[in-house]
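Work through the exercises below with the sequence and the model open. Each task is followed by a solution in steps.

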Amino acid sequence: ANGVGLFRTELLYLSAKSEPGLEDQVASYTAILQAAPKGPIVVRTIDAGSDKPVPFLNMPGEENPSLGVRGYRLIGEHRNFIEGQLKALETARSATGREVWVMAPMIATVQEAKDFSDLARSLGKYKVGIMIETPSIALMVDQLAGIVDFVSVGTNDLSQYLFAADRMNPSLGALLNHWQPALIKSLARIAQAAKSVGITSGVCGESASDPAFAVVLAGLGIESVSV
């Protein structure tokens, strides 16, 4: 075990009534990078929306929030904040000398992946990746060659969208079980497609914390898990 497989940046902001300034973010990220265990630190840009509201973003109520404006889709209304995150992270990375990877959540198309990659590379010396949570991008991993360095599968949301089963609904737990064959088949295809184009693949969903399932993931070709 080494490094950090998923640094959830939104946890810094869940109770924030006002948007933190660049200096405040630099201070937070610097302290975290200094305290993190040795190895690469994989940072996810803000994944607000759905079940993770952030007060200062003033996000409107939505009919289906898990299918709405969340994750990278915030770039439309809150581009400055996401750019600020990446700038603050780069300052902290430079100050600490740590290896930082960045990834965006809720990517649905190859164009979105390219847009995020171009933005991240223009603002910092990062390895750049995306979350695989939507079935649409899961089918397009082999088209990400030269765009991203890695993919990280969020099996919680991938299951939610794959099975059309609300992850917050306890009566649908059977469909959200990571041993579901359709999920395993999807993970196998993702791992194979990533390997075929030289992209590193990992899993950071809750399934990765099951030791028995981690063995299955290794067998499928997934190269790392975040527990």
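**Exercise 1.** In what order do the seven strands of the open sheet run, and which strands stand at the edges?

Solution. The model is a predicted one. Its seven strands follow the order β1-β2-β3-β4-β5-β6-β7, with parallel pairing. β1 (4-8) and β7 (224-225) each have a single partner strand, so one side of each lacks a neighbour in the sheet. Those two are therefore the edge strands.

Inside the sheet, β3 (residues 100-104) pairs with β4 (residues 127-132) over four bridges. Methionine 103 is opposite glycine 129 in β4.

**Exercise 2.** Compare the span of helix α2 with that of a straight helix, then locate the kink.

Solution. Helix α2 covers residues 75-96, which is 22 residues. At 1.5 Å a residue a straight helix would reach 32 Å, but the end C-alpha atoms of α2 are only 28 Å apart. Next, look for a bend: α2 has a kink of about 35° centred on phenylalanine 81. Just after the helix, glycine 97 has a positive phi of about 75°.

**Exercise 3.** Classify the ring pair of tyrosine 13 and phenylalanine 81, and state which parts of the chain the pair ties together.

Solution. The ring centres are 5.3 Å apart and the planes of tyrosine 13 and phenylalanine 81 meet at 80°, so the pair is edge-to-face. Tyrosine 13 sits in the loop between β1 and α1, and phenylalanine 81 in helix α2, so the pair joins parts 68 residues apart in sequence.

Now check burial, for which the cut-off is under 20% relative accessible area. Tyrosine 13 has 3% and is buried; phenylalanine 81, at 2%, is buried too. Finally, Tyr13 and Phe81 form one aromatic cluster with Phe56.

Key. Residues numbered from 1 in each chain as written. Predicted model: local features only at pLDDT ≥ 70, side-chain atom pairs only at ≥ 80, totals over all residues. Heavy atoms only, no water. Expected span 1.5 Å × (residues − 1). Bend = angle between axes of the 7 residues up to and from the residue. Pairing = 2+ DSSP bridges. Phe/Tyr/Trp six-rings, centres within 6.5 Å; stacked < 30°, edge-to-face > 60°. Buried < 20%, exposed > 50% of the residue type's maximum accessible area, 1.4 Å probe, protein only.
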